[in-house]
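Here is a quick tour of a model, written for someone who already knows their way around a fold. Have the viewer open as you read.

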Amino acid sequence: MRFRRYNESPPPDITSVMGRLLSDQVLREEFANSPHEVAQRLGLEGANLEYIAALDPVELEQQAETLVLKRFQEVRALAPNSLHALGGEALTLFRYYAQQEWPSGHRRHLIDTIGFLEFVNQNSFEIDATELRRIRRKR
Amino acid sequence: MRRVGVGYRAELADWIQSQSSGMDCLEITAEHFFGADHKLLNRLAEQFELYVHGLGLSLGTPGPLDKKILKQFAKVADAANAKWISEHVAFTKTSEVDLGHLNPVPSTREFLEILVEHAQELADFCKRPLIMENITFDLKMHGELGEPDFLNQLCDKANCGLLLDVTNLFINSKNHRFSAMEWLREIQPSYIRQLHIVGYSLADGSYRDHHGAKIQPDLLDLLGAVLDYAPVEAVILERDARLHEFDEIADEISTLQRVATA
């Protein structure tokens with residue numbers, strides 16, 4: 001038996017590790033190749049390690065994709081003109097942006113929309129600047 | 001008497017107030033009113049029976065609930081004089097990341113205890129009855145308990161009810177290939193107090209809840225079966241998209257009223 005050092009952090013719980021996996025595409029790719037190794041690296045032990053290692057990587061990827069698509073839906077509802085202007089590029093750009101940014105709190109969709117439009121703007125794609133100003137005022 | 005209503009959205013405000021809406025209850029999303037002036041809720045509460053629905057308390061996350069969110073939630077429930085409050089059998093965030101939407105929890109006894117504790121805390125804090133909602137999921141989180149057993153035990157131990165999302169049940173049954181009727185028959189009918197319903201979408205063989213489609217006939221059949229099975233008190237149309245289609249939404253409400261009172 002390994003004793004914990006005094007004041008050593010407790011091992012992460014299952015939802016913490018799922019949070020890491022669902023928000024990190026690179027980690028999910030590593031998990032798909034070596035689930036036990038990744039679960040161990042994330043600090044899991046015993047039954048929790050076995051539980052996470054047994055998750056279906058395809059379903060995990062689908063769950064992560066659903067999270068991104070739901071965020072995208074919210075952003076599209078708040079900034080319809082800008083997303084229309086981006087056309088087929090909108091989702092590709094959002095997928096890239098969404099991997100880096102995870103806003104929190106009850107105004108997260110607003111923060112997400114502003115963040116995405118600023119990201120798009122910085123990358124020289126056309127957005128509706130009036131729409132962005134209007135959304136910023138809501139913040 | 002079974003009530004039929006819609007999830008309140010700002011885009012529907014004028015239509016809801018119109019004579020033609022014909023509804024007698026509304027579901028308020030708690031987070032939409034955090035930090036907002038509550039006069040609107042007070043006014044709505046005089047006209048409609050209101051239920052307050054939460055999205056972000058993340059009752060499935062181990063550890064203490066966020067007290068700030070709890071307080072805001074309770075304020076909204078008070079302003080709405082909510083007949084009951086609801087949240088999800090899910091987690092949406094961890095100490096490191098807010099995932100923003102609902103994710104399944106393992107159907108284990110450990111997570112059952114976490115949800116029971118959090119459900120009791122929420123109901124006690126708000127001093128109102130609580131009902132818990134089933135979610136859709138792509139990722140199957142196995143455990144010692146099947147989903148219906150998990151929900152029955154949650155309702156029993158936490159002394160709460162069930163908000164059965166008929167669309168979520170339908171979607172899960174299609175995507176994960178099980179019988180929705182068999183699932184339903186495993187649920188203790190007296191727990192089911194409220195329903196959610198909205199049309200599903202189907203893309204690349206996968207069913208989705210985009211909250212914008214018209215209710216399909218096979219979904220209405222399942223709704224009818226649930227209404228025959230359980231003493232449901234309220235049915236809520238949960239639309240989040242295509243909210244400008246007032247005539248279509250009015251038709252949907254009429255259909256639900258017809259099915260609910262048949």
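## Ground rules

This is a predicted model, in which local features need pLDDT of at least 70 and side-chain atom pairs count only at pLDDT 80 or more, while totals for chains, interfaces and linings use all residues. Residues are numbered from 1 along each chain as its sequence is written, and chains are lettered from A and ligands numbered from 1 in the order in which they are written.

## Chain B at a glance

Of the 262 residues in chain B, 45% are buried. Buried here means 20 or more other C-beta atoms within 10 Å of the residue's own, exposed means 12 or fewer, and partly exposed is in between, with C-beta atoms placed from the backbone. Take contacts between residues at least 6 apart in sequence: 76% of them join residues at least 24 apart. A contact means that two C-beta atoms, placed from the backbone, lie within 7 Å.

## The barrel

Which strands close the barrel in chain B? The order is β1-β2-β3-β4-β7-β8-β9-β12, eight strands with parallel pairing. Two strands pair if DSSP finds at least two bridges between them.

Now walk along one stretch of it. Parallel strands β7 (130-133) and β8 (161-165) of chain B are joined by three bridges, and B:M132 stands opposite B:L162. Next, β8(B) and β9(B) pair in the parallel sense over four bridges, with B:L195 as the partner of B:L164. From there, β9(B) pairs with β12 (234-237) of chain B, again parallel and over four bridges, and B:L195 has B:V235 as its bridge partner in β12(B). Six of the six residues of β9(B) (192-197) are buried, so this strand is largely enclosed by the rest of the structure.

Helices α6 (166-175) and α8 (217-229) of chain B pack at an angle of about 120°, with axes 10 Å apart. Those axes are lines fitted to C-alpha atoms over the stretch in contact, and angles run from 0 to 180 degrees between N-to-C directions. On the α6(B) side sit B:V166, B:T167 and B:F170, which meet B:L219, B:L222, B:L223 and B:V226 of α8(B).

Also in α6 of chain B is B:K174. B:K174 is partly exposed, with 16 other C-beta atoms within 10 Å. B:K174 and B:A234 are 60 residues apart in sequence and 25 Å apart in space, C-alpha to C-alpha.

## Where chain A comes in

The contact takes 25 residues from chain B and 27 residues from chain A. On the chain B side, β5 (91-93) and β6 (98-103) are the elements that give two or more residues. β6(B) gives the most, with five residues.
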